[in-house]
Amino acid sequence: IDHIALISGEIDPHSYELVKGDDEKISSANIVFYNGLNLEHGASLSYKLQKHPFAVAVGDAVRLKHPELVLTADGAVDPHMWMDISLWTYTIEPITEALVKADPEGELYYLENAQKLKEEMLAVHDRVYALLQSIPEERRFLVTSHDAFGYFARSYLATPAERENRSWKRRFAAPEGLAPDGQLSARDIQAILDHLLSHTIAVVFAESNVSQDSLKKIISASREKNHSVRFSQHMLYGDAMGSYDDPVSSYLEMIEKNAQCLASEWKSP
């Protein structure tokens, strides 16, 4: 398999538009895998994906079979499904099916590797869950730049009771919406301020490929209310996997690094 990643590094997938050479890469591909759930909503990219005869939206495939597991925010589907490793394992099935269809002789090979991958992913999921659940629940309140950590909060930060009664949403807040390209209003700032004060949150987490401006405004407004808030020492990976100078090597490493960053900050006095 000759694999090419169209979007890599710190590039924002939400608003990505085709650049020179991308059209040829997509047109010449036997199969195109993409997230779906309206993540890739840049007009040129979205059009090209919809026109490709063998493009597989893995997130949409999961939503079709497990609609109850897919989150929404402000009436829009939350595309950040990969932030819950256990949920992201469901994308293995549509990927495997597409590969087998394109290469029937390799079916056993793909099925064996799919099972190995699923086991590896669930092992990391269990480690991340155990690490974050070891943090006292009164500290497990996450504030980031944009609304990319809903699945993460539901899976790893919430208590079992909160997942059961769907009150896990109090574990996560962000001033910007699902795509980090909106305008921040005074109402948005006030909502985050209320959240910080309500849960005595002392640290907020910037994301590697999102502007810190909104969080800086939050921190400044917090200080005016005599509530001390600081930036975390390390950034989280939300829609990206690090810069070309300092990338993470894999998706699973990205999630584990996020968990380690949170645990380190929340264990601090």
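**View 1. Overall fold of the protein chain.** In this predicted model, the secondary structure of the protein chain comprises 11 helices and eight strands. Along the principal axes, the C-alpha atoms occupy a box of roughly 65 × 40 × 35 Å. The radius of gyration is 19 Å, which agrees with the value near 18 Å that a compact globule of 269 residues would have.

**View 2. Burial and contacts within the protein chain.** Buried residues make up 48% of the 269 residues of the protein chain. When contacts between residues at least 6 apart in sequence are considered, 73% of them join residues that are at least 24 apart.

**View 3. Surface and charge of the protein chain.** The accessible surface amounts to about 14,300 Å², and carbon and sulfur atoms account for 51% of that area. The protein chain carries 26 positive and 40 negative side chains, with the centres of these two sets lying 5 Å apart.

**View 4. Close-up of the surroundings of Thr72.** Leaving aside residues up to four places away in sequence, Thr72 touches Val77, Asp78 and Lys169. Gly150 lies 78 residues from Thr72 along the chain, and the C-alpha atoms of Thr72 and Gly150 are separated by 9.3 Å.

Technical notes
Residues are numbered from 1 along each chain as its sequence is written. This is a predicted model: local features need pLDDT of at least 70, side-chain atom pairs count only at pLDDT 80 or more; totals for chains, interfaces and linings use all residues. Side-chain values use heavy atoms; hydrogens and water are left out. Helices (H or I, at least four residues) and strands (E, at least two) are DSSP runs, numbered from the N terminus. The radius of gyration is taken over C-alpha atoms; the globule rule is 2.2 Å times the number of residues to the power 0.38. Buried means under 20% relative accessible area, exposed over 50%, partly exposed in between (1.4 Å probe, protein chains only). Contact means heavy atoms within 4.5 Å. Accessible areas come from the Shrake-Rupley method with a 1.4 Å probe; for residues, only the protein chains shown count as cover. Lys and Arg count as positive and Asp and Glu as negative; His and the chain ends are not counted. The place of a charge is taken as NZ of Lys, CZ of Arg, CG of Asp or CD of Glu.
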